[in-house]
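This briefing is meant for a reader who is meeting the structure for the first time. Please keep the sequence and the 3D view at hand while working through the points below.

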Amino acid sequence: MKPRLLVVELHHLGDAVMSLPFVRGAAARYEVHVLCRPASSEVYRLLSHPPVIHEWETPWENAQPSGLGPALVAARDKGRALRLLSFDAAVCAWADARVGVIMAETHAVRRIGFPMTRGNYYAADLPWRRRRRLFGRALENLWRLLHPGRPLLTQELHRESPRQTHFHCWHQIAGALDLSCDVSVPWIAATGAPVQERRGRPVLVVHAQARLPSKQWPLSRWRELAASDRVAEKFELVEVLPQGAEPVTPDHARKVPTPDLLSLVTVLRGADAVLCHDSFPAHLAGALDKPVVTIFGSGEPDWFAPWNNRHRVVQRRACPLHPCIDRCGMDSYLCLDAVTSGDVLAQLERLKFNP
């Protein structure tokens with residue numbers, strides 16, 4: 001019997017993709033379990049050897065830190081529900097005291113993660129982030145008061161640089177467990193024939209939607225770019241259309257509905273390159289070893305650029321509050337408004353393709 005490892009990833013779909021190299025590498029030594037949101041569970045099922053998945057929708061999503069009690073109780077109860085699995089280790093790459101409580105309540109022998117120090121917390125100086133971090137520190141202190149001698153984390157890690165990529169946090173955890181992250185591409189299993197095969201020009205898959213307004217480049221800019229003669233000369237366009245999405249490509253471009261994750265994977269597999277926002281499709285395309293041109297707005301590419309594609313990011317650091325981590329403090333999205341179609345076209349022009 002392999003020892004059991006609990007991986008806690010309670011953020012969103014793109015964050016689940018970023019954890020995949022660690023999950024793959026850990027599977028060589030551990031029976032890996034993942035605690036994640038229901039939506040993210042499908043990401044882990046894309047692996048050739050999926051982990052044991054425990055779905056949980058966090059009760060504190062988008063909630064203000066109004067009190068220590070509700071967060072502590074919810075985290076405590078979830079940890080206790082997992083206790084019977086007798087984990088040898090539990091890990092998380094985010095500085096989040098609530099997750100620390102979950103891991104501690106599982107009674108995992110080793111609990112490895114990042115305490116909520118300023119250096120570990122992304123965008124720690126933003127006012128709302130500072131409040132969240134102080135809330136977390138208070139929760140850590142409350143735990144110490146209630147459970148003397150039983151720390152939330154048995155091994156505390158610290159980011160080696162404030163600019164380091166989130167992938168490196170997973171590498172730090174792997175090092176603490178004497179593991180290696182498996183970054184060999186593709187990270188996920190093949191799922192049928194690609195939608196589009198190249199017929200001369202390279203296939204550029206366009207995904208023009210974002211989950212959050214602070215990541216959504218204006219649709220008018222998308223249409224301006226997609227209609228340019230240079231794009232038409234260089235690429236065969238295929239547009240991904242999630243349910244309810246408004247097309248941005250010309251009528252002659254192929255448009256592919258993607259009602260589920262597997263259909264999105266199938267479209268991305270047929271791409272020579274992908275153009276999208278700082279969002280889940282960017283990370284998924286990186287996991288498939290595709291060149292990804294990513295339009296960044298509120299996020300920080302040093303932290304969250306898709307794997308092996310930091311140099312293809314398009315961004316204008318036009319906002320004094322950047323990175324705002326998806327909570328805009330200005331009257332408009334200066335970061336996105338500053339990015340021109342010419343900026344994106346220039347990055348697309350740099351792409352190189354094999355004959």
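Predicted model: local features only at pLDDT ≥ 70, side-chain atom pairs only at ≥ 80, totals over all residues.

**Briefing on the chain**

Pro186 is placed in the loop between α7 and β7, and a cis peptide bond, with omega of about -5°, joins Val185 to this proline.

- Most residues other than glycine have a negative phi, and most peptide bonds are trans.
- A cis peptide bond is also found between His322 and Pro323, where omega is about -5°, and Pro323 has its place in the loop between β12 (313–314) and α13 (334–337).
- Ala123, in the loop between β5 (110–113) and α6 (127–146), has a positive phi near 50° although Ala123 is not a glycine.
- Because its relative accessible area is 11%, which is under the 20% cut-off, Ala123 counts as buried.
- Asn308, in the loop between α12 (301–304) and β12, is a residue other than glycine with a positive phi of about 65°.
- Asn308 has a relative accessible area of 57%, which is over the 50% cut-off, so Asn308 counts as exposed.

**The chain as a whole**

- The chain holds 14 helices and 12 strands.
- Its radius of gyration is 21 Å, close to the 20 Å given by the globule rule for 355 residues, so the chain is as compact as a globular protein of that length.
- Taken along the principal axes, the box filled by the C-alpha atoms is roughly 65 × 50 × 35 Å.
- Of the 355 residues, 54% are buried, while the accessible surface comes to about 15400 Å², with 52% of that surface belonging to carbon and sulfur atoms.
- When contacts between residues at least 6 apart in sequence are considered, 64% of them join residues at least 24 apart.
- There are 44 positive and 36 negative side chains, and the centres of these two sets lie 4 Å apart.

**Nonpolar cores and a covered helix**

- The largest nonpolar core contains 92 residues, and Leu5, Phe22 and Leu177 are those with the most contacts inside this core.
- Apart from neighbours within four places in sequence, Leu5 is in contact with residues including Phe22, Ala26, Tyr30, Val32, Phe87, Val91 and Leu177.
- A second, separate core has 23 residues, among them Leu225, Val293, Val339 and Leu348.
- Helix α7 (residues 166–176) is mostly covered, with eight of its 11 residues buried, and the buried ones include Phe167, Trp170 and Ile173.

- The contacts of Gln209, leaving aside neighbours within four places in sequence, include Gln216, Val240, Pro242 and His277.
- Val240 lies 31 residues from Gln209 along the chain, and their C-alpha atoms are separated by 9.0 Å.
- Glu233, placed in helix α9 (residues 229–234), has a relative accessible area of 53%, and because this is over 50%, Glu233 counts as exposed.
- Glu233 and Arg201 are 32 residues apart along the chain, with 8.1 Å between their C-alpha atoms.

Notes:
Residues numbered from 1 in each chain as written. Heavy atoms only, no water. Helix = DSSP H or I, 4+ residues; strand = E, 2+ residues; numbered from the N terminus. Rg over C-alpha atoms; globule rule 2.2 N^0.38 Å. Buried < 20%, exposed > 50% of the residue type's maximum accessible area, 1.4 Å probe, protein only. Contact = heavy atoms within 4.5 Å. Areas by Shrake-Rupley, 256 points an atom, 1.4 Å probe, with all protein chains shown as cover. Lys, Arg positive; Asp, Glu negative; His and termini not counted. Charge placed at Lys NZ, Arg CZ, Asp CG, Glu CD. Core = buried A, V, L, I, M, F, W, Y, C linked by side-chain atoms within 4.5 Å.
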